[in-house]
2 protein chains.
Amino acid sequence: MNKGDWFIEEFQGQAGALSFKVDEVLFEGESPYQKVKIVKNSFFGNVMLLDDLVMVTDKDEFFYHDMLVHVPMVCVDNPENVLIIGGGDGGSVREVLKHQGVKRVVLCEIDKMVIDVARKYFPDLSNCLDDKRVEVMVADGIKYIKEHKNEFDCICVDSTDPIGPAVGLFTPEFYGYVKDALRVGGVMSAQTESPSWTLERVVGIRKNIEAAFGNAYLYLCPIPCYPSGLWSFALGMKSDKDPVKDFNIERSQIVAKQCKYYNPEIHKAAFCLPNFIRDALK
Amino acid sequence: MNKGDWFIEEFQGQAGALSFKVDEVLFEGESPYQKVKIVKNSFFGNVMLLDDLVMVTDKDEFFYHDMLVHVPMVCVDNPENVLIIGGGDGGSVREVLKHQGVKRVVLCEIDKMVIDVARKYFPDLSNCLDDKRVEVMVADGIKYIKEHKNEFDCICVDSTDPIGPAVGLFTPEFYGYVKDALRVGGVMSAQTESPSWTLERVVGIRKNIEAAFGNAYLYLCPIPCYPSGLWSFALGMKSDKDPVKDFNIERSQIVAKQCKYYNPEIHKAAFCLPNFIRDALK
């Protein structure tokens, strides 16, 4: 990859996900888990690539982090203990800390290199990792989750795609461990891929969450830097609550004041699914 | 443009909107208004490019046409006469005809070449143009609209971007003529560009609609093949109705049975705006 090149994130070798002109290659490295690159572009700002897939850009990161974190956080009463699995860039931790009453956030990221480059090239995301309430663990999320029971109010699975190092974070067994690690009344959120370009994948992941939790609530958000620009997430609830009818509107309104994307109306709207997705879930 | 090339729709020379591999160039021509190309790609199907900007793809066209047409059509009582300005591919006409009770649809497209290539390369969009209720006019939309008063129940402005031949379809004067061409109680919809990448443009267009109609209701839809994947539309209402509270749910449910994207819940959700757009509209 060189300055002046066009980078194209290829989808099935036929379509481009994000593409942009490389203004500068800031970092290239290889960790035990993946190739890590940080590239500068005048429109997106700094961009993190893992195995040549766009993970996060300065310009667009707020869509993803708002929706992965605030939707589950307002579906649980008084969240104090929160676990982020993956998410080494720090963006999800930053959003969790916007909720008053949070006492402890554990970040469990397998790849130290991701945390290190985020600290250097994405200070707006990673600055929060030095907060007193945050514990940064460089560890395998699957191993970690097996060893913790009834401990967390909210767990956000902030993973890469279900190929490569993150495959194990999409299985029914893993979601079962996540459920066990939640206290009663707790909520899990997970990124669940693109419904417009990989709908079968979305359906499969949702099914795995349902197998573990007995429920799974899919919701949507536009994310310009991810394939197709339309992304999905899902909640698994360790309660009988309905994430659309029973979320805490007051806390939702308070946190929305610090958000670029999320607000209580968006919270409800995100669970409305187009027909082609509804039909696939039947 | 050659077979095997990657096509990149460049945004400000720095970012890619859609990019894809060119499997075959089916048509290249130049009309008095623009360069017209039809390209084949194994993932998107046939793609229409006008001045090298992606207008429509087989795979994704339903997002746009569902939302440009059904949202206004269910906001008006008993729509019988409908006008499409632009939209020479026929997709919007096809959606209008899904509403029972429609007696007449006028398609006013300035560029005959667009209609001709759509008939040849996009039969699923253009087949409806042979319906008895449809009048295909090759004419300047601005000239046409000035000559018609109190005639249409619904007008959809299905234009290209506000650069090149379509600039005149985004002015307060034009929207004023559209209002005059609507009967009392009628509704206009218009595509209003990308809120994530060209937010100032969205704000400006919305202001122009409001100047003419005294109201303007912005709504959103993901469109994978357009820049950033997130798109906006707006309604101008020649009535005091609220497009979220007062739309015809029964007709919305009926038409949704023939749609891949649109349904009554999506209708309401589309008007919920993220904070960064809300703030820009203040």
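**Close-up views of a two-chain predicted model**

Chain A has 10 helices and 13 strands, where helices (H or I, at least four residues) and strands (E, at least two) are DSSP runs, numbered from the N terminus. This is a predicted model, in which local features need pLDDT of at least 70 and side-chain atom pairs count only at pLDDT 80 or more, while totals for chains, interfaces and linings use all residues. Residues are numbered from 1 along each chain as its sequence is written, and chains are lettered from A and ligands numbered from 1 in the order in which they are written.

**View 1. Chain A as a whole.** For 282 residues, a compact globule would have a radius of gyration near 19 Å, and the 18 Å of chain A agrees with that. That radius is taken over C-alpha atoms, and the globule rule is 2.2 Å times the number of residues to the power 0.38. Along the principal axes, the C-alpha atoms of chain A fill a box of roughly 55 × 45 × 35 Å. Of the 282 residues in chain A, 56% are buried. A residue is buried if 20 or more other C-beta atoms lie within 10 Å of its own, exposed if 12 or fewer, and partly exposed in between, with C-beta atoms placed from the backbone.

**View 2. Where chain A meets chain B.** Here 32 residues of chain A are in contact with 32 residues of chain B; contact means that the C-beta atoms, placed from the backbone, lie within 7 Å. On the side of chain A that touches chain B, S1 (6–11), S2 (15–21), H9 (264–269) and H10 of chain A each supply at least two residues. S2(A) gives the most, with six residues. S2(A) also pairs with S2 (residues 15–21) of chain B, in the antiparallel sense and over three bridges. Two strands count as paired if DSSP finds at least two bridges between them. Look for A:Ala15, which stands opposite B:Phe20 in S2(B).

**View 3. Helix H8 of chain B.** In H8 (residues 249–256) of chain B, you'll find B:Arg251, B:Ser252, B:Val255 and B:Ala256 buried. Seen down the axis of H8(B), the buried residues fall within an arc of 135 degrees, so they line one face of the helix; the arc is that of the directions from the helix axis to the C-beta atoms. The face turned away from the buried side of H8(B) carries the exposed B:Ile249, B:Glu250 and B:Gln253. What do the buried residues of H8(B) pack against? They pack against H10 (275–281) of chain A, together with H1 (61–73) and H9 (264–269) of chain B.

**View 4. The seven-strand sheet of chain B.** This open sheet runs in the order S9-S8-S7-S10-S11-S13-S12 (chain B), with mixed pairing. S9 (134–138) and S12 (217–222) of chain B stand at the edges with a single partner strand each, so one side of each has no neighbour in the sheet. Further in, S7 (residues 81–86) and S10 (residues 152–158) of chain B run parallel, joined by five bridges. One pairing to pick out is B:Gly86 with its bridge partner B:Asp158 in S10(B).

**View 5. A loop residue, B:Thr198.** You'll spot B:Thr198 in the loop between S11 and H7 of chain B. Is B:Thr198 buried or exposed? B:Thr198 counts as buried, because it has 20 C-beta neighbours inside 10 Å. Its C-alpha atom is separated by 24 Å from that of B:Phe44, 154 residues apart along the chain.

Terms used
Contact = placed C-beta atoms within 7 Å.
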